[in-house]
Amino acid sequence: MGIKQTQTTCCYCGSGCQLLFTTDTEANKIVEVHPVQGRTNDDKACLKGWYGWDFLNDPQILTKRLREPMIRKGGKGGPLTVVSWDEAIGFVAENLKKIKDKWGPDSIMGAASARGPGNEPNYLMQKFFRACLGTNNIDHCARVCHAASVAGSRATIGEGAMSLSIPEIEDAEVIFNIGYNAAASHPIVARRIVRAKEKGAYIIAVDPRVTETSRIANLHLQLKGGSNLALTNAMANVIISEGLEDKRFIQEHTKDFDSYKEIVSHYPPEKVAPIAGLDPNDIRLAARKYASSKRSVILWGMGVTQFSQGVDVVKSLCSLSMLTGNFGRPSTGTGPVRGQNNVQGTCDMGVLPDVFPGYQSVADPAAREKFAKAWGVKSLSDSPGLQLTRVPERVVHEKDPAKKLHAYYIFGEDPAQSDPDLAELRETLAELDFVVCQDIFMNKSCLYADAILPGTSWGEHDGCYTSSDRGFQRIRKVVEPVGNIKDDWEIICLLSTAMGYPMKYNNTEEIWNEVIDLSPKFTGATYQKMERQGSVQWPCYDKGPEDKGSMYLHHGGQFATPDGRGLFKTAHYHPPVEVEGTDYPLTLCTVREVGHYSARTMTGNCRTLRNLEDEPGWVEISPEDCQTLGVVEGELVKVTSQRGSVISRCKKTERVKKGAIYMTYQWWIGACNELTISTLDPTSRTPEYKYCAAKVEKIADQAWAWREVARTYSTIKDNMGIIQKAVNQ
């Protein structure tokens, strides 16, 4: 048995943990894995870090690994047929060419991947769309999670990333934790919060649910869902009215304070208390505590961003930090903790409709000229592209064929599971002229694909990721890929070349060198420096060893805005778009759980993680509502909104308030996105996943319900081509 050890970055959340794999090279199997010292994880790993690699062995528990390129030769509705790579690439190139020639480049949409592929293939994906196809219609799943963080932070402090580093969290004196359950989303970050508490930090947890963070918090503001902005405005009202603001910082480093002050003057705690369901004295206490420290940190997650006022809340949070002078030093600032392993990196690579790599605007003539010259094209589009959450708008709801989307290239994502209002999304995928899925497993979106291009997985290729706190880190091949599959970057190069725009690279380092040479903030982050330091946090402007990167942003109060000053911004509060009523008396919110990840194609194919939980998931219900409904723990119930119904299991818990229910989104049968609303934030176009009206109904015939779950599960697996006999192996 030949033994090889490989250190790489975990493929799950954005914490950027380092893992050491021991591989039997003769059997091409992983023998064991251990966490090792990394900048963020300190020799620790969570459940997914310890057990989340098993999908590389393709146990076919949930869905099967894609091993061959496939196309539908008979057109829509025909079977997928295994073909050679030459035929598959030719088929995709021919169809995209036809659509581009007939309807123009903006008739094609691309969704790239914030998961396993890494920064380099995502860079090539946006380059392919911009330089080859000629459109800025390129986006990724940040749109449905932290796009509001990027937009709101850019508008106030000029930079959309975490301003501090994960290790700094434990040295904060005050942590204002809003809409973020680190224990489920980023367990290694949760350890930092616990250590901060042990060191004496005062923790304020803002969440309508009792989370692990709220259980250790000094103050839990269990507000009503959807009232975030009313609360943050009220806190600012208290800070200003009591003279707790940092007047010198405001004077020297910010502007537009007076307009901000005027808006928050309308939100005294007594007015906000009935909106948020809080005691006004608790609001005052939270404001005073936050303002009392020069090492105050704000951490937030999707409980802030996945609202129709998500961008406004982010602006308000950045303004709170400026209001108290909490920027530009260690253990201060704002922490939008990004969810997936490379969602920060995919943004960094310019996989957004309005920016090139390194956050250089497509509207900037100098940036367009620079990238056009580097990429060898005459010009690049200056029109911001379409956000992926607006795809149904341009397919189902657009009547003019000349304005419709006609093709969708989905790379490493599963919108048929993760987007809101799934019935509308399925209609969209069915109506498109041409759909391409480039992925590692069969998923719900693949069922609508006209072509499937199988790529290598994390653990089967090299490259780099960006952790949530801006840290570039290497990923390395652990095992050899099996089957007729190719590296994602190679697939994109082949397709681009077939369409008349040649791309040729020998390895990911060549791609990376092109990225950093075009992106000043990343220029110093060479592979060599990543190897030497383990992690390089951008901005890092110089390739020399003296520039080690930036632990925190906005040093000395110098913001990333054109004039270096932060802009105070907030807005007036309005309630969520769809509120509870007689027919739908409950509010539904989507949440995460520690054992599974994204659309579950990876963790669902890991034996240990799959054994933690299975279909049809759970719906968390308060004891009072359980009593009213006459349902008990573990009983199957029907959950309904105006958009559809699903079956799930009742989870009776005191973690939630009466009138509110919570579901996780990775289940196929208990798919809560059948229920969620597609209302979007007007700026970021992020859906309001965290609030819609719903109802729960008791199912009298439980035996029938369990048979229906089993039948539905079997049908989905059959459609995915799962080998049923492999389930129990």
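Residues are numbered from 1 along each chain as its sequence is written. Because the model is predicted, local features need pLDDT of at least 70 and side-chain atom pairs count only at pLDDT 80 or more, while totals for chains, interfaces and linings use all residues; side-chain values use heavy atoms, with hydrogens and water left out.

## The whole chain

The protein chain has 25 helices and 28 strands. Here helices (H or I, at least four residues) and strands (E, at least two) are DSSP runs, numbered from the N terminus. Along the principal axes, the C-alpha atoms fill a box of roughly 70 × 70 × 60 Å. For 729 residues, a compact globule would have a radius of gyration near 27 Å, and the 25 Å of the protein chain agrees with that. This radius is taken over C-alpha atoms, and the globule rule is 2.2 Å times the number of residues to the power 0.38.

How much of the protein chain counts as buried? Of the 729 residues, 66% do, where buried means under 20% relative accessible area, exposed over 50%, and partly exposed in between (1.4 Å probe, protein chains only). The accessible surface comes to about 24700 Å², and 51% of it belongs to carbon and sulfur atoms; these areas come from the Shrake-Rupley method with a 1.4 Å probe, and for residues only the protein chains shown count as cover.

3 strands form an open sheet in the order 19-20-21, with antiparallel pairing. Its edge strands are strand 19 and strand 21, each pairing on one side only. Two strands pair if DSSP finds at least two bridges between them.

In a regular strand the side chains alternate between the two faces of the sheet. In strand 20, Gly471, Gln473 and Ile475 point one way and Phe472 and Arg474 the other, and all are buried. Why is strand 20 largely enclosed by the rest of the structure? It is because 5 of the 5 residues of strand 20 (residues 471-475) are buried.

Strand 19 (residues 463-466) is joined to strand 20 by 4 bridges. The two form a hairpin with 4 residues between them, and arginine 470 in the turn has a positive phi of about 75 degrees. On the other partner, strand 21 (residues 536-537), strand 20 pairs over 2 bridges.

Phenylalanine 472, which lies in strand 20, is worth a look of its own. Its relative accessibility is 0%, so phenylalanine 472 counts as buried. Leaving aside neighbours within four places in sequence, its contacts include Asn119, Asp348, Tyr465, Trp512 and Trp538. Cysteine 446 is 26 residues from phenylalanine 472 in sequence, and the two are 31 Å apart in space, C-alpha to C-alpha.

## Bridge partners

| Residue | Bridge partner | Strand of the partner |
|---|---|---|
| glycine 463 | isoleucine 475 | strand 20 |
| phenylalanine 472 | valine 536 | strand 21 |
| cysteine 589 | tyrosine 662 | strand 27 |
| valine 619 | methionine 663 | strand 27 |

## Other strands and a helix

Another open sheet holds 7 strands in the order 5-4-18-17-16-6-7, with mixed pairing. Strand 5 (80-82) and strand 7 (138-139) stand at its edges with a single partner strand each, so one side of each is left without a neighbour in the sheet. Within this sheet, strand 6 (residues 108-111) and strand 16 (residues 407-411) run parallel and are joined by 4 bridges.

Helix 20 (residues 488-498) has buried residues including Trp489, Ile491 and Leu495. The buried residues of helix 20 pack against several elements, among them helix 2 (85-103), helix 3 (119-133), strand 16 and helix 21 (508-518). Glycine 500 follows helix 20, with a positive phi near 100 degrees.

Strand 27 (residues 660-664) is also largely enclosed, because 5 of its 5 residues are buried. Ala660, Tyr662 and Thr664 lie on one side and Ile661 and Met663 on the other. Strand 23 (residues 586-591) pairs with strand 27 in the parallel sense over 5 bridges, whereas strand 24 (residues 618-621) runs antiparallel to strand 27 and is joined to it by 2 bridges.

Note on methods:
Contact means heavy atoms within 4.5 Å.
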